Amino acid sequence: MKRKLTNGALLAIMFLICLVPAFSPESFAGSKGFPDTRGHWAERFIAELSERGAISGMPDGNFQPNEKITFPQFVTIIIREEFGDIKPTDGNWASGYIQKALELGIILPDEATNTKALNRYDAVRIVNSSLLWIYNEQPESDVYDLVKELTDYPSCKSCRDPFDNEIGQCMAKGIITGRPGPMFDGEANLTRAEASVILLRAIDPSYRVVPDAR
């Protein structure tokens with residue numbers, strides 16, 4: 001029997017999500033830490049992804065955790081952690097990773113050339129697809145009650161849909177939570193630190209913070 005989740009847990013947990021810098025394939029070094037992440041709230045998540053070889057710092061050795069993460073950077077970290085280095089298919093350093101993501105069905109064909117900063121709606125959609133098609137996780141049931149507690153549900157009028165299932169799945173699995181309000185704030189961009197948290201939690205369930213059962 002699937003467990004149901006408390007609404008109170010959503011208010012108690014700060015929304016966590018995080019990721020990587022503007023990098024090239026050559027910049028993946030596997031260093032455990034970066035000068036500008038010491039004492040940062042996401043330091044252990046960033047260090048773990050670095051230890052796994054999924055991310056690295058900028059050319060100056062810093063990580064720039066508070067800068068925005070881009071769509072190809074986010075996708076690259078997911079693909080690289082699972083499948084290792086993939087050579088570019090053209091002059092774009094991320095093209096090999098993007099092509100693999102297309103083959104797996106975790107991104108859409110019209111997103112192959114997207115280089116913009118990643119927002120939270122797209123992050124949960126990509127993560128949910130990765131859980132299904134890369135990590136073979138079964139969807140949670142009864143997730144819509146979680147989403148309906150958000151004050152901005154559904155607010156993505158210009159999106160393909162309000163991503164209510166994707167948001168609910170990531171919340172129920174303890175990968176993300178709502179922001180204070182509670183609200184999802186889906187059009188807000190992710191920082192590299194936030195992206196690192198959400199990606200590590202997607203990759204490794206031991207880092208997840210699952211809401212309490214009712």
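Modeller: Residues are numbered from 1 along each chain as its sequence is written, and side-chain values use heavy atoms, with hydrogens and water left out.

Biologist: Why is glutamine 169 called buried?

Modeller: Buried means under 20% relative accessible area (exposed is over 50%, partly exposed in between; 1.4 Å probe, protein chains only). Glutamine 169 has 3%, so it is buried. This residue is found in helix H7, residues 164-172. Helices here are DSSP runs of H or I, at least four residues, numbered from the N terminus.

Biologist: Which residues is glutamine 169 in contact with, leaving aside its neighbours within four places in sequence?

Modeller: Asn128, Pro139, Glu140 and Val143. Contact means heavy atoms within 4.5 Å.

Biologist: Why is histidine 40 called buried?

Modeller: Its relative accessible area is 15%, and the cut-off is under 20%, so histidine 40 is buried. Histidine 40 lies in the loop between helix H1 (8-12) and H2.

Biologist: What makes the pair of histidine 40 and asparagine 66 a polar contact?

Modeller: A polar contact is a pair of N or O atoms within 3.5 Å; within protein, one must be able to donate a hydrogen and the other to accept it, and residues adjacent in sequence count only if both atoms are side-chain atoms. The two side chains make such a contact at 3.1 Å.

Biologist: How do you know that the buried residues of H2 line one face?

Modeller: In H2, Phe45, Ile46, Leu49 and Ser50 are buried. Seen down the axis of H2, they fall within an arc of 135 degrees, so they line one face of the helix. The arc is that of the directions from the helix axis to the C-beta atoms. What covers these residues includes H8.

Biologist: Which residues touch the most other members of the largest nonpolar core?

Modeller: Phe74 and Ile167, among 52 residues. H8 gives the largest share of this core, eight residues. A nonpolar core is a set of buried Ala, Val, Leu, Ile, Met, Phe, Trp, Tyr and Cys residues joined through side-chain atoms within 4.5 Å.

Biologist: Where in the chain is confidence lowest, and where highest?

Modeller: The lowest is in H1, at a mean pLDDT of 38, and the highest is in H4, at 97. pLDDT is the predictor's confidence in each residue, from 0 to 100. Over residues 1-31 the pLDDT is below 50. Where pLDDT is low, the predicted coordinates should not be read in detail.

Terms used: This is a predicted model: local features need pLDDT of at least 70, side-chain atom pairs count only at pLDDT 80 or more; totals for chains, interfaces and linings use all residues. Helices (H or I, at least four residues) and strands (E, at least two) are DSSP runs, numbered from the N terminus.
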